[in-house]
Amino acid sequence: MSATWHSEDLPTAAPLTAADWMRVLSRGALLGGLTFGCLILLLLVRLIERPLYGVHRPWTPYITQFVCRSAFGILGIDRATVGQQMRHKGAVVANHSSWLDIFVLNARNRVYFVSKAEVQNWPGIGWLARATGTVFINRDPKEAKHHQQVFEERLMAGHKLLFFPEGTSTDGLQVLPFKPTLFQAFFSAALKDTLWVQPVSVVYHAPLGADARFYGWWGDMDFGSHLLQTLAAKEQGAVEVVYHSPVKVNAFKNRKALSAYCEKAVKQGLQDYLT
């Protein structure tokens, strides 16, 4: 995982009006009630699911998908998809622009995120991440072998793990160089001949007249302020999820070749659909 990406030119947030605050309160109440109400339901179902199926989750991902799909209706953000999500056993890699990526990528795919360990301690988001089966990793190179074992266990169980190979979020207008380290797990003897990887481009379109980076959340930007601006928007924008053709791991010589291929596909998708 890389250091946080920063930009000296940050978007300027407009002061919220009374009408903005009404939208914040109404949307926030609906989104919070939906999210944490369904979190309680998910935890109750998991009490039955876990003893019966262990690492497998045949029921609870549908609750997660319901929440994520409903969130876009509450926020008023249009959501569209291009291409087909893969049916093969494997992993998904995507660019990372915002906390909204969690909702975007869970809305259609049954995926399990791979995230930096710090996230599990974040109020609210950390609880949701743990409950939905997120894989947390430390940045310590000494734990690389352990990480690979965890990835293998989850991938062999049929989970689609979702990686953000940039290692940090950006303003949504670019794709940073992919870090090939996490791709190494795909080349283990147990996985390389059966595993597929699907590159995905997540493309945000700002509300009309707003900064093109409106939905981007990066660097030291405050989550609460960004959430308020998103909830307050009178006219929302849209997001497109572009599914590229999946590729088989053993078609590539090593992790660097696979990483470079996925980076190129994700970057091209962003460029093609951003304008």
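Phe 103 is buried, at a relative accessible area of 14%; buried here means under 20% relative accessible area, exposed over 50%, and partly exposed in between, with a 1.4 Å probe and protein chains only. The model is predicted, so local features need pLDDT of at least 70 and side-chain atom pairs count only at pLDDT 80 or more, while totals for chains, interfaces and linings use all residues. Residues are numbered from 1 along each chain as its sequence is written, and side-chain values use heavy atoms, with hydrogens and water left out.

A search of the whole structure gives 12 aromatic pairs. Rings of Phe, Tyr and Trp (its six-membered ring) pair if their centres lie within 6.5 Å; planes under 30 degrees apart count as stacked, over 60 as edge-to-face and the rest as tilted. Trp 99 lies in the loop between strand 2 (90-94) and helix 3 (100-106) and Phe 223 in helix 6, so the pair ties together parts 124 residues apart in sequence. Helices (H or I, at least four residues) and strands (E, at least two) are DSSP runs, numbered from the N terminus. Trp 99 is buried at 7% relative accessibility, whereas Phe 223 is partly exposed at 27%. Ring pairs join Trp 99, Phe 103, Trp 217 and Phe 223 into a cluster.

The largest pocket holds about 1100 Å³ of space. Its lining comprises 50 residues, of which Trp 99, Ile 102, Val 119, Trp 122 and Ile 125 are the closest to the centre. Two or more lining residues come from each of helix 1 (18-53), helix 2 (60-75), helix 3, strand 3 (111-116), helix 4 (125-131) and helix 6. Helix 1 gives the most, with 8 residues. Pockets were found on a 1 Å grid over the protein atoms alone: a pocket is an open set of points where a 1.4 Å probe fits, with protein on both sides within 12 Å along at least five of seven lines, and lining residues have an atom within 4 Å of a point. Grid points are joined across faces, edges and corners, and a volume is the space filled by probe spheres set on the points.

Pro 61 sits in helix 2 and is buried at 8%. Its C-alpha atom is 7.3 Å from that of Thr 132, 71 residues away along the chain. Leaving out residues up to four places away in sequence, Pro 61 touches Glu 49, Arg 110 and Tyr 112, where contact means heavy atoms within 4.5 Å. Arg 110 lies over the face of Tyr 62, 4.5 Å from the ring centre. Arg 154 lies over the face of Tyr 112, at 5.2 Å. A charge sits over a ring if NZ of Lys or CZ of Arg is within 6 Å of the ring centre and within 35 degrees of the ring normal.

Gln 236 occupies the loop between helix 6 (223-232) and strand 7 (238-243). Gln 236 is buried, at 14%.
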